[in-house]
Amino acid sequence: MSSERLTIAVQKSGRLSKESLKLLEACGVKFNLHEQRLMAHSTSHPIDLLRVRDDDIPGLVMDGVVDLGLVGENVLEEERLERSIKNQPSSFQSLRRLDFGFCRLSIAVPKETNYQGLTDLNGSKIATTYPRILESYLATQGIQAKPVMLTGSVEVAPRAGLADAICDLVSTGATLEANGLVEQEVIFRSQVQIIQRSESLSDEKQKLVSKLLARLDGVQLAKE
Ligand code: PRP
Ligand code: ZN
Ligand code: MG
């Protein structure tokens, strides 16, 4: 998109959506949101919001399809590993770490499992939406287990007989609790980052980005 408007990808619906919009609004960027629409135009700045699945945001920025993205480090790291395995470039600029979207990617097992330690995972199947981060962790720990890729409802996999354990995001722990799972190993810690595509932007757009970042720093400072 080589429009004159700065394009920012944000999560459409999920843990990060509300906070992402709140942050942009706190920076003085106003939007006219229609729940169902993919695009939202700012009424105060030459900015367009692209509302997509969080998993798609790293790729959109890395491919230069959008200028900026607000994205969890979990999906960012997964996409980076995926591209490195496929020998595809994954460049982007990390502008700021933002103080929301805190969570951890953890391995959890059913509460009936008598879990003694990592080696118990040898030969097991682990359901996850983050197979690359999981594989890389298992490799460094010398554990032979099989990631089972699920894009959703990972927490029901053990009960459904699809896996022995899961590796999923944990924030409050309510999802694990509700599904009779116990967190055992934290393998990755995540928060939100604002990232920019690596190809340079027009002077106009880059100026707008600098202005946004200055406001963002002010907003984050005021919260401390
Ligand atoms: C994560 C994870 C759990 C939930 C955990 O999903 O998959 O469903 O959050 O949070 P809790 O510990 O507070 O219960 P997420 O919101 O990232 O949505 P997604 O799986 O649809 O991407
Ligand atoms: Zn997701
Ligand atoms: Mg989920």
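Which helix gives the most to the lining of the second largest pocket? The model looked at here is predicted, so to speak, with local features needing pLDDT of at least 70 and side-chain atom pairs counting only at pLDDT 80 or more, while totals for chains, interfaces and linings use all residues. Residues are numbered from 1 along each chain as its sequence is written, and side-chain values use heavy atoms, with hydrogens and water left out.

Back to the question: helix 3 (residues 73-85) takes that place, with four residues. A pocket here is an open set of points on a 1 Å grid over the protein atoms alone, with protein on both sides within 12 Å along at least five of seven lines, and lining residues have an atom within 4 Å of a point. Helices are DSSP runs of H or I with at least four residues, strands are runs of E with at least two, and both are numbered from the N terminus. The second largest pocket holds about 200 Å³, the volume being the space filled by probe spheres set on the points. It has 13 lining residues, and Asp-55, Glu-78, Glu-79, Thr-129 and Met-149 sit closest to its centre.

The largest pocket comes to about 500 Å³. Its lining counts 24 residues, with Arg-15, Tyr-130, Glu-155, Asp-168 and Leu-169 nearest the centre. Strand 9 (165-170) and helix 5 (174-178) each give two or more residues to this lining, and strand 9 has the largest share, with four.

There is also one cavity of 30 Å³ or more, a cavity being a set of points where a 1.4 Å probe fits but cannot get out. Cys-27, His-45, Leu-208, Lys-211, Leu-212 and Arg-215 line the largest cavity.

Conventions
Chains lettered and ligands numbered in written order.
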